[in-house]
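Please have the sequence and the view open as I talk.

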Amino acid sequence: MQPALSLRAISMIAQQVLNGLVLGGVYALFALGFTLIFGIHRIMNMAHGAVFMSGAFIGLYMVRIGLPIWAALPIAMFGAGLISIFVEVIAFKPLRKLALADAELASVISSIGAGLIILSVGQYVSKTQTMRFPFGTVPVDAIVVFGLRVTMLQLLMLGVAVLMVALLAYYLYRTAQGRQIRAVAGNYRAAQLLGINPNAIFYRTFFLSGALAGAAGVMVGLAFNAVQFLMGEPFLLKAFVAIILGGLGSVPGALIGGLVLGLLQSLSGAYLPALLVDAVIFLLLFVILMVRPDGLFAQSVTESPTKRV
Amino acid sequence: MMSFITPHLPLLDLIFIGTGYALSQAIVFRAGTFSVATSGFAALGAYAAAILTVKQGLHPAAAVGLGTLLGLLCGLLLSVPLARLRGVYQAIASLAFVEILVALILYFEDLTGGPLGFHNIPRVVTPWVLFLAMLATMVLLTLLGRGGIGRAFDAMRQDPAVAASLGVNPTRYHVLSFALSGAIAGLFGGLDALRNFSLTAEQFGFSILIGTLSAVVLGGRRAVLGPLIGTTILVLLPEIFRPLADYRQAVYGLLLVVVMAFLPFGVYDTIVMKLHNRKLARAGMLAPKVPKALA
Amino acid sequence: MTSRKKVFKALALAAGLALASQAALAADRKIVILQALTGAAAFVGVPASDGMKFAADELNARNFLGGDKIVFEVADSASARPQAMAAVTRYAADPSVLFILGPTTAPEAIPSAGVANDAKIGLKAMTNAVAMLAAGPWGFISAQPGAVTMPPLGDYALNVAKVKSCATVRFTDNEAYVDLERVFVEYVEKRGMKIVERTGIKQADSDFSTIATRIVAAKPECVVLFTLGPSAANMAIQLKQAGLPPSVKMLGQSGLSSPQLIEIGGAAVEGLIFGSDWMPGGSSPAGRAFAAAYKAKTGKEADNWAALGYSYMTVVATAIKAAGPNPTRESIRDALTKTKDVPVVVGSGKYSYVDRIPNYGATFLMVKDGKFVAAPQ
């Protein structure tokens with residue numbers, strides 16, 4: 001009697017699971033950046049994809065002028081953090097001054113606009129071409145662990161994801177600044193009463209969010225070797241699955257959501273026709289929104305943000 | 001005269017069809033729903049009209065009619081799940097809907113041509129047809145808007161609780177807004193297909209969404225003229241200032257940011273509001289200045 | 001005025017008129033070069049338009065059209081359908097434009113053919129997508145479709161590379177490559193080769209990890225790439241990263257023929273063999289002369305696309321010449337349809353249209369030590 005799953009099939013599944021986890025790590029970084037802003041400020045930053053792209057661009061240019069990847073990455077993260085602050089200043093700050101009846105809609109649209117501006121700077125700088133990392137930026141070797149092939153690049157991506165999450169957790173839960181951010185979480189009156197400058201909170205959180213997105217951008221740029229000005233938008237759309245699944249505003253949620261998304265994309269890509277993978281992912285998003293829009297780790301807020309009155 | 005117009009016909013096409021899509025988008029915004037499903041409805045209408053005309057040999061008018069109906073039905077369908085969500089969650093859900101639709105269109109290759117697109121659609125639609133369709137839609141929406149439906153939409157947008165207490169059945173008007181939105185998008189999608197020789201699923205993705213959103217934001221979502229003005233500005237600006245054409249995205253982005261900050265109701269609606277306020281002020285009817293914006 | 005002055009003036013006027021009419025007799029033949037100068041297909045469109053411009057200048061310099069000159073205007077389709085279609089509409093409305101060379105890719109060209117047939121202007125696109133011809137007699141493809149180029153590739157795989165099983169990768173959203181892959185698979189399966197895996201990617205895709213793993217797991221003896229150069233290079237890298245053994249042969253078609261294949265692919269594309277239109281440096285005296293002159297004038301090496309652009313402009317100019325002293329859009333279209341054995345620098349050196357299908361042969365290249373060389377026969 002034939003075994004239900006041949007050794008070759010198991011090995012391929014295991015390989016695809018590894019691919020999925022690596023991809024998931026990157027999605028998690030990206031989702032973390034987005035959910036951080038939402039958790040603290042209750043804003044949806046639709047320019048997040050563009051910031052992600054900027055990180056990839058900066059990383060690429062640093063490597064091109066001769067820096068090794070381990071130097072290019074922090075520079076890219078720093079640059080992406082600054083660009084994220086730029087988004088805050090032009091898209092969100094002006095709206096806070098106006099007491100708008102529908103501030104949610106306005107800030108989403110405004111951030112879409114900011115994202116488009118960053119996109120076209122990217123388009124101009126890259127002359128609309130797709131750019132590639134020079135061959136050999138990351139050594140092309142691989143190690144074999146329990147029959148699984150793990151490339152240097154995959155190790156790098158996993159390592160960066162784990163490191164970033166650890167650093168973020170340390171910052172948020174172990175430092176004074178982090179405590180401030182968590183305490184304030186949207187209550188700016190309280191912040192001012194406590195003598196905390198709300199603007200500083202905004203700059204810090206947007207910087208962090210941008211740095212995370214930038215790291216994700218460099219990783220994705222390396223992994224798929226295609227850096228182009230439109231790379232952020234499809235990524236943002238897919239990342240919504242991770243963000244919503246985990247629960248808007250939840251840090252552990254973004255992590256879990258990211259990993260689940262990565263696994264889903266990898267495994268369905270292995271067994272379904274390529275054209276159905278997107279349908280599956282977005283169908284999942286739709287179903288989650290219908291069934292449990294607050295996600296797995298809903299943030300406890302006084303009023304659920306999802307139910308219509 | 002013709003030799004002046006002919007090279008620029010593609011621009012008129014863009015304005016007429018673009019306004020149709022923008023009107024579809026504006027209706028749901030006016031009724032207080034943050035849905036961006038217009039491009040999905042348009043894709044349905046376009047592919048339906050194209051497939052029925054080319055593969056089934058249906059008369060183009062019938063095909064476009066069926067496409068419109070398909071858009072309407074889909075709008076009705078989508079209104080149900082979206083009613084249970086609020087704000088940006090509606091936006092994400094409608095975005096997911098569009099992406100699912102695009103992915104399915106790509107998958108059913110035998111029917112739609114898949115990633116290769118659907119080609120050699122006869123060009124039976126003339127600019128006149130587009131113009132008349134746009135005009136008819138605007139007239140219909142103006143008539144509806146002046147009456148109870150328009151007031152109900154405005155009430156729902158501003159304060160759903162108050163609207164309900166005033167006897168406005170939110171569900172009924174919510175569903176109606178989606179049905180209208182779907183029908184209009186389906187109509188113009190079908191006309192688009194029968195005008196431009198071929199279709200690809202990607203054309204109903206991100207860029208049309210941004211363009212339609214920008215047009216409504218720029219022009220205004222309440223008055224029927226708003227989408228027309230917004231679309232016209234967006235189409236003509238890159239033509240008048242040639243260098244801008246290369247930076248189309250940047251211009252759209254800048255417009256979105258600036259308009260949100262300074263003219264959050266859009267160009268036309270703001271003008272209407274200012275004129276209206278001036279009239280009220282002259283009649284001594286204006287209350288002391290309130291920070292919250294008026295409808 | 002004295003009578004002498006009057007005579008002088010009359011003579012001067014007459015001379016002036018004669019000169020003016022002489023200049024008017026030397027007509028400008030206006031061709032629009034509509035290529036993707038920006039956007040995803042720019043790496044084809046830019047060198048192609050450079051090759052076309054170079055050809056036009058060279059033809060004018062040796063008075064190819066007698067006293068008439070080829071005048072060209074360059075327009076950018078931005079690799080986008082609406083821009084390409086709008087450009088065709090705009091130029092068709094200009095009665096001085098006789099012909100449009102372009103657009104670049106199948107997705108732009110197929111609907112543009114519809115516009116061209118509507119507006120009754122000739123359009124010769126870079127692509128080989130036969131679907132473009134369905135819109136009417138005014139649209140022309142320039143590159144050879146699969147039915148012409150795939151049998152030689154299939155023969156190479158079966159008889160020279162001697163592989164018994166293959167995996168294929170194709171662009172799913174470009175008619176041309178879908179066609180090539182389909183014809184290849186039909187051809188080799190009939191002759192006993194096993195196709196173990198047929199995968200598809202989109203032109204803008206870059207995440208191939210899942211597909212690469214699938215292909216490696218299927219253990220093919222060769223992988224055939226029906227994509228453009230950059231995607232193929234990327235795929236090769238990801239295949240090697242997924243563990244594709246070095247003994248597996250990699251094959252491809254003329255879409256791979258660009259320097260970017262090597263720039264991006266590096267060591268991952270060593271040994272890749274593909275059918276190409278152009279042999280870098282030229283494979284005939286005319287080709288070598290073109291390569292040298294092009295390098296001298298532009299400072300760049302002529303690549304596949306520049307050589308093709310150069311050849312296509314020559315073909316169109318030949319049609320204009322054949323259309324006689326007063327070429328119209330119709331007569332140019334008819335002359336182009338009857339193109340036979342026009343000397344070109346690609347393939348076997350002679351370009352013909354047979355039932356509107358281009359025929360000009362091919363040559364096989366291999367990547368060796370980071371350069372393109374002739375493949376072992």
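This is a predicted model: local features need pLDDT of at least 70, side-chain atom pairs count only at pLDDT 80 or more; totals for chains, interfaces and linings use all residues.

If you look in chain C, you will find Tyr353(C) standing opposite Pro358(C), a residue of β13(C). The strands β12 (residues 350-354) and β13 of chain C run antiparallel and are joined by 3 bridges. They belong to an open sheet of 3 strands in chain C, ordered β11-β12-β13, with antiparallel pairing. At the edges of that sheet are β11 (342-343) and β13 (357-359) of chain C, each of which pairs on one side only.

Let me turn to another pairing in chain C, where strand β1 (residues 28-35) and strand β2 (residues 69-76) run in the parallel sense, with 8 bridges between them. As one example to find on the screen, Arg29(C) has Ile70(C) of β2(C) as its bridge partner.

Of the 377 residues in chain C, 58% are buried. If we take the contacts in chain C between residues at least 6 apart in sequence, 67% of them join residues at least 24 apart.

How is chain C divided into domains? The assignment gives domain 1 as 25-143 + 283-346 and domain 2 as 146-276 + 364-374, and the centres of these two domains of chain C, taken over C-alpha atoms, are separated by 29 Å. Where they touch, 14 residues of domain 1 of chain C are in contact with 12 residues of domain 2 of chain C. On the domain 1 side, α4 (106-119) and α11 (304-322) of chain C each supply at least two residues, and the largest share, 3 residues, comes from α4(C). By class, that side of domain 1 of chain C has 9 nonpolar, 4 polar and 1 charged.

Now for the contacts between chains, beginning with chain A and chain C, where the contact takes 23 residues from chain A and 19 residues from chain C. On the chain A side, the elements giving two or more residues are α1 (7-41), β2 (148-151) and α10 (251-271) of chain A, and α1(A) has the largest share, with 5 residues. That side of chain A is made up of 8 nonpolar, 11 polar and 4 charged residues.

Chain B, for its part, places 43 residues in contact with 44 residues of chain A. Several helices of chain B each supply at least two residues to that side, among them α4 (60-83), α5 (88-107) and α11 (206-219), and the largest share, 14 residues, comes from α5(B). The side of chain B that touches chain A divides into 35 nonpolar, 4 polar and 4 charged residues.

I will finish with one helix of chain B, α15 (residues 267-282), whose 16 residues should span 22 Å at 1.5 Å a residue, and whose end C-alpha atoms are 23 Å apart, which agrees. Just after α15(B) comes Gly284(B), which takes a positive phi of about 70°.

How values were computed. Residues are numbered from 1 along each chain as its sequence is written. Chains are lettered from A and ligands numbered from 1 in the order in which they are written. Domain bounds come from an automatic or database domain assignment. Two residues are in contact if their C-beta atoms, placed from the backbone, lie within 7 Å. Helices (H or I, at least four residues) and strands (E, at least two) are DSSP runs, numbered from the N terminus. Ala, Val, Leu, Ile, Met, Phe, Trp, Tyr, Cys and Pro count as nonpolar, Asp, Glu, Lys and Arg as charged, and the others, Gly among them, as polar. The expected span of a helix is 1.5 Å times one less than its number of residues. A residue is buried if 20 or more other C-beta atoms lie within 10 Å of its own, exposed if 12 or fewer, and partly exposed in between; C-beta atoms are placed from the backbone. Two strands pair if DSSP finds at least two bridges between them.
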